[in-house]
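Hi everyone, thanks for coming.

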Amino acid sequence: MEELAATVGAQGESSGGGAGGGGGGDGKYVRYTAEQVEALERVYAECPKPSSTRRQQLIRECPILSNIESKQIKVWFQNRRCREKQKKEAVQLQSVNKKLNSMNKLLMEENERLQKQVSQLVYENGYMKQQLQNVTATTTDTRCDSLVATPQHSSRTGNNPIGLLSIAEEAMGEFLSKAKGTAVDWVQIPGMKPGPDSVGTVAISHSCNGVAARACSLVSLEPTEIMEILKDRQSWFRDCRKLEVFAKFPAGNGGILELIYMQVYAPTTLAPARDFWTLRYTSSLEDGSLVVCERSMSGSGAGPNPSTASQFVRAKMLPSGYLIRPCEGGGSIIHIVDHLDLEAWSVPEVLQPLYKSSKLVAQKMTVAALHHIRQIAQETSGDVTHTLGKQPAVLRAFRQKLSRGFNDAINGFNDDGWSLMQIDGAEDLIISVNSAKNLSTISNSTAALSLPGGILCVKAAMLLQNVSPSLMVRFLREHRSEWADFSVDAYAAASLRGDTFALPGLSPSQFSGNQTTMSLGITAENEILEIIQLEGHALSQEEASVMWRNIHLLQICNGVDDNAGEACSELVFSPIDEMFPDDAPILSSGFRILELDSKTCDRQDMLAAKRMMNLASNLEVRSSDATGCTASSSDSRSVLIIAFQFLFESHLQGNVVTMARQYARNVISSVQRVAMAITPSGLHGRPKSTSGSPEALTLARWICQSYSFHLGDQLLKSNYHGGDSVLKQLWHHQDAILCCSLKLHPVFIFANQAGLDMLETTLVALQDVSLDKIFDEAGRKALCNVVPQVMQQGFALVPAGIGMSTMGRHVSFEQAIAWKVLTEENTVHCLAFAFINWSFV
């Protein structure tokens, strides 16, 4: 180690602690001893960016640094931070490079498969041309049948392992040809693009027997671990009700043959559930890859429980499975194929598109498997943060319980204790009762929530025309007070706690209007898990003793992204104790919307073109956010399933039935009203512009013109030439631009994309956000001076501060500008705010 430089000039600059360190000023260099570097590293571990005062204190407290100037130490810390940043960036780049190399390998394989498919099609095209040229008087020659006849295999029986192995090996060959070959004509699924951060490449069948989906992805888990996770289908396939292995046989090369019976929930109340008898074969290939393939066995006998056989239709699983290949440098490449024949003939004609939808199979089954694997990989690597002290596995278990509880309510299986009580033909309400089901409250214990009566479920199905499922679910989630009854929620919460409770009509409560949402995270499949707190108050002290003022709901929501092209949207919730124990009982209720027909228009393009056509100032106008295809472009249909569950005491069963029926009718009425409002065809074209609710394009012009008039500068730096250009530029402006009404309690009526991101809300929910709620206490005090100043001189500058999003996150901004927005008649229409350089704290 070289000695410390003999002379350190007063103007000399400090190096980063290594030989040849950065010079500056008079060009002299400084070399640090090991002891000096160790002292600086200790301080850096505690405070990477010390202030001038802290540096002076360091020099005083550490004698070995006494001959080093504060300015030189400042440079050392700058260089040290720079090196650490470069190191982190290098690690990130290596990770991205690894993903890109693996993804490139996948894309090359996909390209090779497509080339083979093209060659096959060219060959078939030439062959067909030759056959057409040879068509003469021999057109009746039946020898042509031999050209397209499927070779008949010798009959085999599955009663012995040898016969099963023969079937399994044939199934494996067919599966591999689908996973990597051209056995199925695959089409890239809309809305999913390959990339290092994507779930992988996903494709659906273009035309084949049944419905099929295929996916390929890179995952940072070992093949054996992935295989075990995927074989445990109940842990990730939420539509899987039951999976039983009835027999297991050893096969060659360490393989395993399994006979499996599986039950799958029906997605609606309008068709029976499906079950499968399958043969599963687990084996390994010569290159070290693992293969798990599965196919249905012949025969249509009853399941293990003949008493419930009438509730199932036997479906077929064509050769499907998983190919898991080890990847260089760790991790695995997964190929997944799901190929089913769901016997669409057995359901009403209106529902047959659901059972012929490869897109729905991809979403519910294929992509769900990938998402689950990636979630486990993230949890294993520690990339998933804990929320409210809950382990990620606990939150995943709650999502699973919510989904399974909702599926149980929709299907109402006899062997679960459900029995049909009555059907209200007037509104197609189905009411069923379960007096046998227990909700366990203590894990690993025989104790259960006392149910002196049982569980009541009221459910219904509705057909929606030209309604965006994602928009409908967003509205139901963000505007709960529009359809829910607080007293019914209070009844459900109190009964689930096992407390003394009475019917809502006997102990009324009122919703105070305050609703708090606490996010528990968003999963890889964009599923939102959250806790909702509804604040209410009883009408008297007596009622307050039996009705809880605050209600907590555990809720999951998925399918709310317009651009994801998802075929199913859901909102499922359950009352939950405010302590949120890991073994809390769940009683699921909610909504499910399934698309029956795909829209012919491109939803993403429609969203970009029409999302801001009108303001979200009232229900009729905010329907423009639906941006579903207009009636003139293509009609679309979807089916909405509603199911609500209630606990009841035996002596109150009749009263609960009456309450549940009326509540369901009210919810249906609310949903129909919302559906009419958000139906594009119901708008009869674009709404007329009025002074109270101008079109977005008109308001955009007013905002920009008023900004220029009051501040003498252009809000949009680039030139625009009328038309929709000004609206598009304002919508994509980097600053968060928001407009609020001129009322006693101002609420927002407009926000651009950055503004919606800052508030963490949507155009539909924007009108529920008031101006004062986005500022902290200091900001609200500043507003008292800002608003009068804006009204007097036309604009005002708001100093840097801290705001709050609708999700409760703190938002900092360097500066905000407020100005009056004037109409063409020079009347004040609203106030506009531009938040500059905002970010989440």
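In what order do the five strands of the open sheet come? Keep in mind as we go that this is a predicted model. The order is 22-21-27-26-23, and the pairing is antiparallel. The edges belong to strand 22 (748–751) and strand 23 (795–798); each has a single partner strand, so one side of each is left without a neighbour in the sheet. Going from one strand to the next, the twist averages 20°.

Let's zoom in on one pair. Strand 21, residues 736–740, and strand 27, residues 828–836, run antiparallel to each other and share five bridges.

Now, which helix touches strands 21, 22, 23, 26 and 27? That is helix 16, residues 696–711, which packs on the sheet. Its direction makes about 110° with that of strand 26 (815–822). Helix 19, residues 777–793, lies across strand 23, strand 26 and strand 27, and runs at about 155° to strand 23.

In soluble globular proteins, nonpolar side chains tend to be buried together. Here, the largest nonpolar core has 76 residues, and L230 and L554 have the most contacts inside it. Helix 8 (residues 358–381) gives this core its largest share, 10 residues. Beyond its neighbours within four places in sequence, L554 is in contact with residues including F398, L402, V572, F573 and F580. There is also a second, separate core of 43 residues, with A460, F475, F591 and I678 among them.

Technical notes. Residues are numbered from 1 along each chain as its sequence is written. This is a predicted model: local features need pLDDT of at least 70, side-chain atom pairs count only at pLDDT 80 or more; totals for chains, interfaces and linings use all residues. Side-chain values use heavy atoms; hydrogens and water are left out. Two strands pair if DSSP finds at least two bridges between them. Helices (H or I, at least four residues) and strands (E, at least two) are DSSP runs, numbered from the N terminus. Axes are lines fitted to C-alpha atoms, for helices over the stretch in contact, and angles run from 0 to 180 degrees between N-to-C directions. Contact means heavy atoms within 4.5 Å. A nonpolar core is a set of buried Ala, Val, Leu, Ile, Met, Phe, Trp, Tyr and Cys residues joined through side-chain atoms within 4.5 Å. Buried means under 20% relative accessible area, exposed over 50%, partly exposed in between (1.4 Å probe, protein chains only).
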